[in-house]
Amino acid sequence: MAFKAHSLTRIHLQAILVTLLCLAAIGYLGYLAARDMRMSFQQAGAARTAGEVAARINLLLAQQHQALEKLAHQPTVAAALQRGTTPERIRKQEEIKSLLPGAVAVHLLSRSSAGEWSAASTLEATCLDYVRRTAAANATAAPEFHGVDTPAAHYDLAVPVRDETGHLHGYLLASFAPAPLQAIFEQSLPRNAYMELQQSHNREAAQAVLTAGEVANSNGASVASTLGDSRWTLLYQPAAAPTAPPEPTPGAPR
């Protein structure tokens with residue numbers, strides 16, 4: 001009888017152990033499921049925030065591009081490029097600049113029969129190269145940052161100037177201050193999060209042209225969102241999830 005009771009006790013202990021192991025496994029699987037669900041919610045929230053910021057930037061760029069195209073279609077602009085004197089062009093540039101909120105400079109560029117582009121001496125070489133590449137591609141110009149990390153940092157937009165017959169006379173180039181874009185970043189950035197606008201050109205490494213917040217974890221999850229047809233990418237890193245405080249050491253003051 002004692003041997004039988006001992007066997008039953010051992011069976012009961014084994015059954016209890018198996019039950020505890022099963023409960024532990026269920027608990028661990030539940031923890032993994034809850035963690036994955038929490039991460040999924042965080043990722044969805046981050047994607048939503050990045051998408052909203054990208055949409056606001058795209059809207060601003062679309063408004064600026066539409067305003068620029070509307071001005072470029074004015075007959076007086078084509079006339080200024082075709083037969084206007086230097087003072088007349090300068091006056092027209094200043095007039096256009098006053099009609100473009102956020103514009104810091106405007107240039108009317110014409111191309112000679114030899115294929116050379118006329119430009120004011122104050123125009124940066126990178127901006128002139130931007131117009132050359134735009135004309136060579138014969139496509140809608142994507143916005144492009146120039147003078148990054150300098151007080152003169154800005155982004156450019158260029159649109160073709162044609163006469164009533166569709167003949168190309170040159171390009172209207174407008175340089176915009178980055179302040180409105182930075183304001184979108186600052187207004188949209190949640191606490192302890194990080195946002196970055198990157199620009200890539202050909203095979204060159206992406207360059208950060210605007211930032212907001214501070215990177216909390218360089219290895220943390222981030223969401224990237226492409227901005228329309230531009231060479232810009234929005235990189236958003238949400239705030240790190242809060243971690244549980246460490247357990248106090250026994251005997252240590254609380």
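Predicted model: local features only at pLDDT ≥ 70, side-chain atom pairs only at ≥ 80, totals over all residues.
Two strands count as paired here if DSSP finds at least two bridges between them.

**The β1-β4-β3-β2 sheet**

- Four strands make up this open sheet, in the order β1-β4-β3-β2, with antiparallel pairing.
- At the edges sit β1 (103-110) and β2 (144-146), each of which pairs on one side only.
- From one strand to the next, the twist averages 30 degrees.
- Helix α4 (residues 125-137) packs on the sheet and touches β1, β2, β3 and β4 (168-176). The direction of α4 makes about 135 degrees with that of β4.

**The β6-β5-β8-β7 sheet**

- Here again four strands form an open sheet, this one running β6-β5-β8-β7 with antiparallel pairing.
- β6 (207-213) and β7 (223-226) are at the edges with a single partner strand each, so one side of each has no neighbour in the sheet.
- The twist in this sheet averages 20 degrees from one strand to the next.
- Strand β5 (residues 194-199) pairs with β6 over six bridges, in the antiparallel sense, and Gln198 stands opposite Ala208 in β6.
- Lying across β5, β6 and β8 (232-237) is helix α5 (residues 179-188), which runs at about 40 degrees to β6.

**Nonpolar cores**

- The largest nonpolar core has 42 residues. Leu100, Phe145, Leu172, Leu181, Phe185 and Leu197 have the most contacts inside it.
- Helix α1 (residues 2-72) supplies the largest share of this core, nine residues.
- Leaving aside neighbours within four places in sequence, Leu172 is in contact with a list of residues including Leu68, Leu71, Ala72, Ile96, Val106 and Leu157.
- There's also a second, separate core of twelve residues, with Leu128, Val131, Ala135 and Leu173 among them.

- Which residues of α2 (residues 75-83) are buried? They are Val77, Ala78, Ala80 and Leu81.
- These four cover an arc of only 155 degrees around the axis, so they end up on the same side of α2.
- The face turned away from that buried side carries Pro75 and Arg83, which are exposed.

**Aromatic rings**

- Searching the whole structure turns up four aromatic pairs.
- Phe145 and Tyr155 form a tilted pair, 5.6 Å centre to centre with 45 degrees between the planes. Phe145 is in strand β2 and Tyr155 in strand β3, so this pair ties together parts that are ten residues apart in sequence.
- Buried or exposed, how do Phe145 and Tyr155 come out? Phe145 is buried, with a relative accessible area of 4%, and Tyr155 counts as buried at 0% relative accessibility.
- Tyr155 also pairs with Phe176: the ring centres are 5.7 Å apart and the planes are at 25 degrees, so this pair is stacked.
- Put together, Phe145, Tyr155, Phe176 and Trp232 form one aromatic cluster.

Methods: Residues numbered from 1 in each chain as written. Heavy atoms only, no water. Helix = DSSP H or I, 4+ residues; strand = E, 2+ residues; numbered from the N terminus. Axes fitted to C-alpha atoms, helices over the stretch in contact; angles between N-to-C directions. Contact = heavy atoms within 4.5 Å. Core = buried A, V, L, I, M, F, W, Y, C linked by side-chain atoms within 4.5 Å. Buried < 20%, exposed > 50% of the residue type's maximum accessible area, 1.4 Å probe, protein only. Arc of directions from axis to C-beta. Phe/Tyr/Trp six-rings, centres within 6.5 Å; stacked < 30°, edge-to-face > 60°.
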